[in-house]
Amino acid sequence: MKEQLSQLIQQALDTLVAAGELPGDSRPEINIDRTRDPSHGDLASNIALTLARSAGKKPRDLAAMICAALPEAPFISKTEIAGPGFINFFLSSGSSQAVVQRILEQGGQYGCSDAGGGRRVQVEFVSANPTGPLHVGHGRGAAVGDSICRLLAATGWSVASEFYYNDAGAQISNLALSVQARCRGLGPEDPEWPEDGYRGDYIQDVASAYLAGERIDAEDRHVAGLGDPDDLDAIREFAVAYLRREQDLDLKAFAVHFDQYFLESSLYDSGEVEATVARLIANGHTYEQDGALWLRTTAFGDDKDRVMRKREGGYTYFLPDVAYHFNKWQRGFERVINEQGADHHSTVTRVRAGLQALETAIPEGWPDYVLHQMVTVMRDGSEVKLSKRAGSYVTLRDLIDEVGCDATRYFLVARAPSSQLTFDIDLAMSQSNDNPVYYIQYAHARACSMQRKLAEQGWDWVPQRSLAALERLQEDHEKALLKRLDQYPEVVAGAAAASEPHTIANYLRELAGEFHSWYNAHKVLVEEQELRDARLALGEAVRQVIANGLQLLGVSAPETM
RNA sequence: GGGGGUAUAGCUCAGCUGGAUAGAGCAACGGCCUUCUAAGCCGUAGGUCGAGGGUUCGAGUCCUUCUGCCCCCGCCA
């Protein structure tokens, strides 16, 4: 619709140029916006305002000339010049009602596109190390990352989700030592407790399971406890599997799925880490200083050089990170999105610099990052400090159990990733009925309810028949809904392109609100068949779009509430 | 000190890549269930968009300075 209109305007401009009314050298970008206020029509263009200066004319005069030169079009019923020089376009009612037919025909596909053209994109998110349960911050990453995957899939990308973790580093050693200490009956208060040990109670659970010889089945690994407190390797294997399984359960309860789990250790096993070092050295981007091997990342925009190999030997995490992303590139992902907490911000320039230093065909800005700001948790009116080592934090599981998967996901995905988020546990739990997600789900349930009630009345609704009656949708509430529904594909496209799933949540709230208003103002199941048909069609279209949108957020669309 | 993010109603947040009179939820106040689900609707009240400068027809939105808050700045991950 916008494209057709901008073509019309272009034709009008061409006409004016040909008539010598406009300078011919400029080919301005034609901007068309949806109007906020219905009295301004359906679409508006500021073209006269932007061209006024170069044309040497007053905006309103220019707008009048453009209107006069505008070719006739069946979908435009009226144009108006308003304000400082906007041109407002009123769509003919038939063209605005056609959206209902499109939605009913396309169903779950409405809003989808093939913009991605089947290209492969990888989204990496959560990527928590298996040293403890997932917390709220991971939950935000899971909700946002999974929604981005759904958005990309809906816009024609071939999406692969990935979870990366370290199963062999210093943190894992601390984990093993902590479990071992628990196996020996020690607690965090004991003097022999490991210096950087994990203090949380869950360590005791791991230890007990290990001693009991429990068998652990995680998504990507299986192991049985040996029960020997002296076998640190066995304890490590067991603890990692145990905590991976816990995370799997959290993610499953959160309706988040990963196509692949990728181990940092595999990069060592495969020789990719060594190969990466060799390549960086060969490219002349490294130097030795203080007994360590440095990469000159400052040559690629970093603010200081970074150590790759420590003085005592062994690599910093930075190197396997570069090897890992080179691995992604070699797997053929031309687009990679890393969803992480903003506390990892500093790795962005570092990883990109490392990739550039490899001197392959990797573009400078590759990969993409979506960084979500920190989640602050409030309980009893004060902030809960998150500390894995101290063991005091709110787990994702707690939230899912007490607030529910739908509400938790909605809450975590409904705000811009760049916005800090305060998760007030008391509010979310005690007033769960006031959570906005129910408002949207309720609209869906109401629409479903109309169909049920229809059958009880002995009436039927034939979609094909109702399409002929759409002209009957003339109420202001109905016009607003039609406009909103028409907007949905653009919202999806924009959310996918910008990796901003929260815009879907905002859109759904608006749509649900307009639906509720309409529902209260006008009865759908009226005696007169034609009007009833038309309103049922509109209701079904709204239901479909809400269902489609909630699916993108990973939130269920219940038929009853 | 350096880098990134952020600042919008009492609180939590939107604001569609610069548009017309800045929006919603919660909290407050007043109405609406004999009628399709009241987890809803309608109305009232609430704002110098952190502060100053700049860019232009036009700024919450872009640039700049300052201030506050959050996060990073390790040969930890």
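**Figure 1. Composition of the protein surface near RNA strand B in the predicted model**. The residues of this surface divide into 23 nonpolar, 27 polar and 16 charged; Ala, Val, Leu, Ile, Met, Phe, Trp, Tyr, Cys and Pro count as nonpolar, Asp, Glu, Lys and Arg as charged, and the others, Gly among them, as polar. Sugar or phosphate accounts for 63% of the RNA strand B atoms within 4 Å of the protein, and bases for the rest. As the model is predicted, local features need pLDDT of at least 70 and side-chain atom pairs pLDDT 80 or more, whereas totals for chains, interfaces and linings use all residues. Residues are numbered from 1 along each chain as its sequence is written, chains are lettered from A and ligands numbered from 1 in the order in which they are written, and side-chain values use heavy atoms, without hydrogens and water.

**Figure 2. Helix H16 and the surface near RNA strand B**. Helix H16 (436-456) supplies nine residues, the largest share. Among the other elements with at least two residues each are helix H2 (47-55) and strand S4 (86-91). Helices (H or I, at least four residues) and strands (E, at least two) are DSSP runs, numbered from the N terminus.

**Figure 3. Side-chain contacts with RNA strand B**. An N or O atom in the side chain of arginine 446 is 2.3 Å from a phosphate oxygen. For asparagine 88, such a side-chain atom is 2.6 Å from a base nitrogen.

How values were computed
Near = heavy atom within 4 Å. Polar contact = N/O pair within 3.5 Å; in protein donor to acceptor, adjacent residues only side chain to side chain.
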